[in-house]
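Welcome, and please take a look at the chain shown here.

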Amino acid sequence: MRRASALLFGTQIVLGLIAAGGLVYVGVERERPMLFAFAAAVLAVWLVIALRRPLRLRRAMRQPFPEDHRRILEHRVQFYRNLDDEQRTRFERNVQRFLAEYRFQGVAGVTLDDTLRVLTAAGAAMLVHGRPEWRYPAVRDVLIYPDRFDDSYEVGAKGDVLGMVHGQGPVLLSAKALRRGFSNENDGMNVALHEMAHVIDMADGIADGVPDSLGAYAIAPWVEHMRPEMTRVKKHRSMLRDYAGTNSAELFAVATEAFFERPHKMKHKEPELYEALAQLYGLDPGSMCVRDPGRDAAD
Ligand SMILES: [Zn+2]
């Protein structure tokens with residue numbers, strides 16, 4: 001994914017330079033100063049737009065990881081606490097990259113703070129920790145709501161939505177659910193993990209529970225396992241909660257939450273599901289979480 005986007009970016013640069021260079025040449029050659037000035041202006045504007053994102057990211061990645069953000073990870077993210085120093089550095093860079101590329105906005109009265117931003121980024125970083133070559137596909141807005149909301153985005157008693165992802169649009173999250181997802185990291189429910197799993201699924205343009213953009217090798221066991229797992233969910237024989245039975249996209253998102261939050265239980269009860277997700281995410285959280293052994297296996 002990173003190579004593909006770098007190639008696309010490089011191609012855009014080359015094509016842009018050729019097009020603008022051609023216009024400049026024609027302007028000079030035919031002694032048309034207006035055409036030359038116009039072409040030069042177009043080239044300048046295009047360069048500013050094209051380079052803005054990579055330069056902003058480069059600037060952000062040069063900054064040391066903020067100590068305040070590190071404290072939030074240490075206090076609230078068990079996955080991070082279980083990493084060694086080298087892996088913590090990698091995790092922090094993924095958090096830093098996500099915060100640099102995604103724009104956050106508090107809506108319906110939410111005042112954004114570092115905790116909400118860092119927890120969202122931590123959920124995103126967990127999913128790509130075992131795949132350092134992956135990059136989240138597009139810059140999106142993250143809209144943080146105070147609590148549950150309904151289909152009309154109204155916050156209130158009728159709402160039952162904790163999070164949502166729009167096609168190529170924003171990621172919506174309930175602040176309350178986001179905090180709760182990280183205050184209990186062993187109940188298999190984490191809205192940040194759930195919605196970012198949808199983002200990865202949708203990277204190929206389709207929300208079907210098959211994240212093709214991760215590559216055929218990574219997803220093969222998962223694709224094979226989806227149908228039998230869906231059958232188990234429908235018959236209430238799966239460790240996944242019933243919401244996984246909504247459709248294949250929700251199956252993937254709910255399975256992702258359980259994989260990261262209840263690895264021991266999944267490894268014990270549904271080893272094939274566990275192995276499929278371990279290959280997909282390039283990670284074995286059941287072995288990493290040795291500092292809190294078996295907490296998730298208790299129920
Ligand atoms: Zn969902």
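In which helix is F36 found? F36 sits in helix α2, where helices (H or I, at least four residues) and strands (E, at least two) are DSSP runs numbered from the N terminus. Please keep in mind that this is a predicted model, in which local features need pLDDT of at least 70, side-chain atom pairs count only at pLDDT 80 or more, and totals for chains, interfaces and linings use all residues. Residues are numbered from 1 along each chain as its sequence is written.

**Around F36**

- F36 counts as partly exposed because it has 18 C-beta neighbours inside 10 Å; a residue is buried if 20 or more other C-beta atoms lie within 10 Å of its own, exposed if 12 or fewer, and partly exposed in between, with C-beta atoms placed from the backbone.
- Beyond its neighbours within four places in sequence, F36 is in contact with V24, G27 and V28; contact means that the C-beta atoms of two residues, placed from the backbone, lie within 7 Å.
- From C-alpha to C-alpha, F36 and Y25 are 7.7 Å apart in space, while 11 residues separate them in sequence.

**The whole chain and its confidence**

- The chain has 299 residues, and 36% of them count as buried.
- Its secondary structure comes to 13 helices and four strands.
- Along the principal axes, the C-alpha atoms fill a box of roughly 80 × 45 × 40 Å.
- Among contacts with a separation of 6 or more, 64% are between residues 24 or more positions apart.
- The mean pLDDT is 87, and 92% of the residues reach 70 or more; pLDDT is the predictor's confidence in each residue, from 0 to 100.
- Over residues 289-299 pLDDT stays under 50, and the model has 16 contacts beyond four places in sequence for them.

**Two domains**

- The domain assignment gives domain 1 (2-62) and domain 2 (67-298); such bounds come from an automatic or database domain assignment.
- The C-alpha centres of domain 1 and domain 2 lie 37 Å apart.
- Seven residues from domain 1 and seven residues from domain 2 take part in the contact between them.
- On the side of domain 1 that touches domain 2, α1 (2-29) and α2 (33-62) are the elements that give two or more residues, and α2 gives the largest share, five residues.

**The nonpolar core**

- The largest nonpolar core has 69 residues, and those with the most contacts inside it are A122, A125, L127, L173, A255 and L277; a nonpolar core is a set of buried Ala, Val, Leu, Ile, Met, Phe, Trp, Tyr and Cys residues joined through C-beta atoms within 7 Å.
- Helix α6 (residues 114-128) supplies the largest share of this core, 10 residues.
- Not counting residues up to four places away in sequence, L277 touches W222, A255 and F259.
- In soluble globular proteins, nonpolar side chains tend to be buried together.

**Strand β4 and its partners**

- Strand β4 (residues 171-174) is covered on both faces, with V171 and L173 buried on one side and L172 and S174 buried on the other.
- Strand β2 (residues 141-145) pairs with β4 in the parallel sense over four bridges; strands pair if DSSP finds at least two bridges between them.
- V142 stands opposite V171 in β4, and V171 is also the bridge partner of V165.
- Strand β3 (residues 163-165) runs antiparallel to β4, joined by three bridges, and these two strands form a hairpin with five residues between them.
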